[in-house]
Structure formats: C-alpha cells, structure tokens
Amino acid sequence: MPLEDDNNRIAFDRLNELIQSGQVIAFIGSGCSMKQNYFSWKNLVLHFQNYVRANKPGYQHNLTAAYLTDADRLVTGISLLRDLMTDEEYARNVHEAFKPKEDMNCEFHKNLMAIKFRHFVTTNYDVLLEHNSPQRNIRSFPWNNQNKLQEFLRYLPQSSTGDISYIFHLHGIYDDISSVILTKNEYDRVYVSPDFMADILSTLVLTFRICFVGYGMGDHDIMQVFRKVRLQYFAGELQNHFAFISAEDDTGIRSLDREMYRRNYGVEPIFFSEVDGDNRFEELDNLIFRLKEASPANSLEAQRKIIDENSDLMGG
C-alpha cells in the first residue's frame, strides 16, 4: 500500500481515538451545507449579483465564477454588492439564501451529529446541524449572543466529560442579520479591530483538537489563528488538528500538501478523492459514516441489531 495511504489511515485512526476521548471539536464549513443545496460562497456572490443587476440600474461590474477563485476576491465581491443594497435588502437576501428548506433531513448531517464530537463550530448561516441532531443535548448560538458565548467558554474546561454540546455559529446565523459576517467591514469588525474572534478561536485551538469538515481552508483570518497558535505556544512543533480535504489522487502531490498543512497550521490532512457521478463526495460520506459507526452508542446499537437478527434467524 502506498505511503500516503498509510498516512491517511494513521491520521484517521488517531482522529477517531481523540474523538472517543472527548477531545475534538468539529469545524463545519459550507461544503457540508451544499449537500442540501445551500449556496457555496462563490454561488452566494453570484446570487447577490443577480439581485443587484435586476434591481440596481447602472450596475457595471461582472463578477464571474472564473474570477471568484479565492477568499480575497469573494470578500471583495460580496462587499461591493452589499454596498449597493439597503440594510433591509441585505437582511432579506441573507434570510432567503439560508432559511430552512422544506426538507431539512440530511443523512450526511445525521451521521455527522452522531459522531462523538464534543462541540461544533460552524461558519455556516443555516441550521442544518440543529435540524439533524435530535438525539443530543444541543445548545446553539451565534457569536454575538454574549450570554451564551460566556456560558460556552465557562463550560469548556469541563466539557470533555460533560453531556452538553454546543453549536457555535462563528459567523452568525441567517435570522439575525446583526450576527452575520460576510463583508470585509464585518470581518474587520471582529478579526482586526478588535480581534476578539481570533482570541476566541485561539482558546478553542489551545483547549481542543479541531477537525475541519467541508471547509476549504482558504479563510486567511481563521487559518492565521492556527499558524499563530502553533508558533507562539508550541514553538513550531507539529500539532494534531485534522481536516478532511479533497485532493488529487496523486501520492506525490498529497505528500507535499500534507507537509504544507502540518508545517503551516499544525493540521493533519485526511485526504479523499472526488468521484464522477451524482455524489462527488462519496468518499467523504463513507469516512464520516465510519466515524459515526465507531462512536460507542452507535457501536452498541449495531451490536444489538446483529443480536436481534441472529435471534430472529434462530427462532428466538
């Protein structure tokens, strides 16, 4: 078996071990919500542009999918479009883009929420995580709910063994426009002056292991926190955070990318390949399912099913 396959397996097994000991927070990105047909960041910019073109005569820019290739361009595009909307228009467009859909049941999210992650941090504005977590004692809040944020931070030291899990909407939630962080001004307001969001993230990174799922690793404000923590508190030593990352099925490229993520951010990649067909992310689905099956409650349930099936076969 190629070396990179061994590295992937070792990283996956180590992640599973840390999850079972209550040491891992899941960091959920827009790639997960896209499974339920919510917008990617790029498609959100294009959606906003369609609204502006239809309602703001004289709009002259042409933000294309080919142009919107990195975080800086995406933030610039959405900031430009936001400036052309009234506050009411902006709030309405965000609400329409991320409000609950008629069908919020999602097998991927159910599996994700059944994994023994201690808490969930998400940059998503929708509530898919909440809708697919009926079996857990979940408390959900956006960053600007100061009472809930303080409650969450106070709970962290004991939370590896606690029975409460939080969903922390790092960049806000669709039905509270004052919490939404999309534009450059909004990012600067919480990451630059003051930089209290970076302080909160640093606390999480220092207290727990982080596992990225459906996250592109391209947000400079967030990834800079990981780089800073690794250099300041671990003297450049490698940490064990994790990320499920789509990558070319090329051992040499994966090996180089693994070193990049390790050295820059203290993140150990678990690579998967995108496949042709209706479900491009089938490999990721399977990895999440394996983590779910490894969680104690799910393992016990699987054992009960086997016992019941054997009992039925034997006429018991």
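Residues are numbered from 1 along each chain as its sequence is written, and side-chain values use heavy atoms, with hydrogens and water left out. Because the model is predicted, local features need pLDDT of at least 70 and side-chain atom pairs count only at pLDDT 80 or more, whereas totals for chains, interfaces and linings use all residues.

Helices (H or I, at least four residues) and strands (E, at least two) are DSSP runs numbered from the N terminus. Strand S1 (residues 24–28) is largely enclosed by the rest of the structure, because five of its five residues are buried, where buried means under 20% relative accessible area, exposed over 50% and partly exposed in between (1.4 Å probe, protein chains only). In a regular strand the side chains alternate between the two faces of the sheet. In S1 both faces are covered, with Val24, Ala26 and Ile28 buried on one side and Ile25 and Phe27 buried on the other. Strands are taken to pair if DSSP finds at least two bridges between them; S1 pairs in the parallel sense with strand S5 (residues 209–213) over five bridges, valine 24 standing opposite arginine 209. Four bridges also join S1 to strand S2 (residues 119–122), again in parallel, and here isoleucine 25 stands opposite histidine 119.

Isoleucine 270, in strand S7 (residues 267–272), counts as buried at 1% relative accessibility. Leaving aside neighbours within four places in sequence, isoleucine 270 is in contact (heavy atoms within 4.5 Å) with Asn8, Ala11, Phe12, Leu15, Ala243, Phe244, Ile245 and Leu287.

Helix H10 (residues 196–207) has 12 residues, and its end C-alpha atoms are 17 Å apart, which agrees with the 16 Å that these residues should span at 1.5 Å a residue, the expected span being 1.5 Å times one less than the number of residues. The buried residues of H10 include Met197, Ile200, Leu201 and Leu204.

A salt bridge is a side-chain nitrogen of Lys or Arg within 4 Å of a carboxyl oxygen of Asp or Glu, and by this rule the count comes to 15. Arginine 14 forms one with glutamate 17, the closest N and O atoms being 2.6 Å apart; both residues lie in helix H1 (residues 3–20), three residues apart, about one turn of the helix. Glutamate 151 forms another with arginine 139, at 2.9 Å between the closest N and O atoms. Glutamate 151 lies in helix H8 (residues 146–155) and arginine 139 in strand S3 (residues 138–142), so this pair ties together parts that are 12 residues apart in sequence.
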